Every structure is written in structure tokens, then in C-alpha cells.
Amino acid sequence: MTYNDFERCAVNVTVGMIAGKWKPVILQHLEPGEIRFVALWRAIPRVSKKVLLEQLRQLEADGLVGRREHQTFPPEVGYCLTERGTSLIPVLQFIDRWAAQHLPDRVVYRPHEVSE
């Protein structure tokens with residue numbers, strides 16, 4: 001395998017899109033529907049607003065998350081999954097189930113309990 005092959009490897013490309021401390025959690029929180037930035041920030045403990053915004057921008061650039069400005073005062077922004085982002089939810093649910101089964105001593109938080 002050449003480095004060029006590695007860069008274009010399907011798994012590598014996909015993992016690169018969702019890699020990051022907060023990206024999988026962000027995607028899981030957006031699964032039920034659009035959520036305002038402040039509500040998302042409050043729902044994810046210990047993430048700074050700066051980092052959350054950076055991660056959302058990266059997810060948006062990769063076509064996984066959509067951003068919508070609400071014409072209110074003060075202005076508010078909502079985020080939701082795109083069709084591409086929604087198609088990743090079963091993958092994240094599979095990872096969630098795998099972790100619950102194989103890492104029960106390390107898994108303490110599951111944003112959305114998934115039926116087994």
C-alpha cells in the first residue's frame with residue numbers, strides 16, 4: 001500500500017471525517033433533529049464554545065452537518081444533520097453497541113440509549 005492509497009482508503013477517509021474528541025458526540029446529539037448552538041453547547045459537558053464551533057465547521061465542510069440562521073433577536077443559529085450525516089447514524093449506533101458489549105468497564109455515557 002502506498003501513502004497515496006492510504007490517503008484514499010475508504011475507512012481512513014471516513015474516520016478522518018468523524019475523528020475528533022467531540023465530533024461523534026455532536027453527531028449523536030443532532031440525530032433527533034435541529035438544535036440551537038447554545039443548547040448543543042450545554043448538552044455536551046466540558047466542550048468550549050470555540051472548540052464546538054470549530055468541530056461544527058469541520059462537520060459542515062464535510063457535508064455532515066447543516067447550519068441555519070434564525071432571523072430572531074438576538075440572532076440564533078441551529079445545526080442539524082444533512083442526509084449524509086444521517087446516513088452515518090447507524091455506524092455510530094453500531095460503535096455504541098460494540099463498546100457497550102466489549103468495553104462495559106470503560107463506557108459510562110451513552111447520549112442516546114440504543115435498543116440492543
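A residue is called buried when its relative accessible area is under 20%, exposed when that area is over 50%, and partly exposed in between, as judged with a 1.4 Å probe on protein chains only. The model shown is predicted, with local features requiring pLDDT of at least 70 and side-chain atom pairs counted only at pLDDT 80 or more, whereas totals for chains, interfaces and linings use all residues. Residues are numbered from 1 along each chain as its sequence is written, and side-chain values use heavy atoms, with hydrogens and water left out.

**View 1. Helix α3 and its buried residues.** Helices (H or I, at least four residues) and strands (E, at least two) are DSSP runs that are numbered from the N terminus. Helix α3 spans residues 23-30, and because seven of its eight residues are buried, this helix is largely enclosed by the rest of the structure. The buried residues are K23, V25, I26, L27, Q28, H29 and L30. Helix α3 lies across β1, β2 and β3, and runs at about 95° to β3, where axes are lines fitted to C-alpha atoms (for helices over the stretch in contact) and angles run from 0 to 180 degrees between N-to-C directions.

**View 2. The largest nonpolar core, with I26 and V65.** A nonpolar core is a set of buried Ala, Val, Leu, Ile, Met, Phe, Trp, Tyr and Cys residues joined through side-chain atoms within 4.5 Å. The largest such core has 23 residues, of which I26 and V65 touch the most other members. Two or more residues come from each of α2 (10-18), α3, α4 (37-43), α5 (49-61), β3 (76-81) and α6 (83-102), and α3 gives the most to this core, with four residues. When neighbours within four places in sequence are left aside, V65 is in contact (heavy atoms within 4.5 Å) with L27, L30, L56, L59, E60, Y79, C80, L81 and T82.

View 3. Two strands are taken to pair if DSSP finds at least two bridges between them. The strands form an open sheet in the order β1-β3-β2, with antiparallel pairing, and its edge strands are β1 and β2, each of which pairs on one side only. Strand β1 (residues 35-36) pairs with β3 in the antiparallel sense over two bridges, and here I35 stands opposite Y79 of β3. Strand β2 (residues 65-70) is likewise antiparallel to β3, with six bridges, and R68 has G78 in β3 as its bridge partner. A hairpin of five residues joins β2 to β3.

**View 4. Salt bridges.** A salt bridge is a side-chain nitrogen of Lys or Arg within 4 Å of a carboxyl oxygen of Asp or Glu, and the structure holds four of them. One links E34 to R68, with the closest N and O atoms 3.4 Å apart. Since E34 lies in the loop between α3 and β1 while R68 belongs to strand β2, this pair ties together parts that are 34 residues apart in sequence. E34 is partly exposed, with a relative accessible area of 34%, and R68 is partly exposed as well, at 48%. Another joins the side chains of E54 and K50 (3.0 Å, N to O); these residues are four apart in helix α5 and are thus separated by about one helical turn. E54 is partly exposed at 34% relative accessibility, whereas K50 is exposed at 58%. A further salt bridge brings together the side chains of E69 and R67 (2.8 Å, N to O), and R67 is partly exposed, with a relative accessible area of 39%.

**View 5. M17 and the residues it touches.** M17 is located in helix α2 and is buried, with a relative accessible area of 17%. M17 and D62 are 45 residues apart in sequence, yet their C-alpha atoms are 6.7 Å apart in space. Not counting residues up to four places away in sequence, M17 touches K23, L59, D62, L64 and R84.

View 6. Most residues other than glycine have a negative phi, and most peptide bonds are trans. A cis peptide bond joins F73 and P74, with omega about -5°, and P74 lies in the loop between β2 and β3. R46, although not a glycine, has a positive phi of about 75°. R46 is found in the loop between α4 and α5, where this residue is exposed, with a relative accessible area of 83%.
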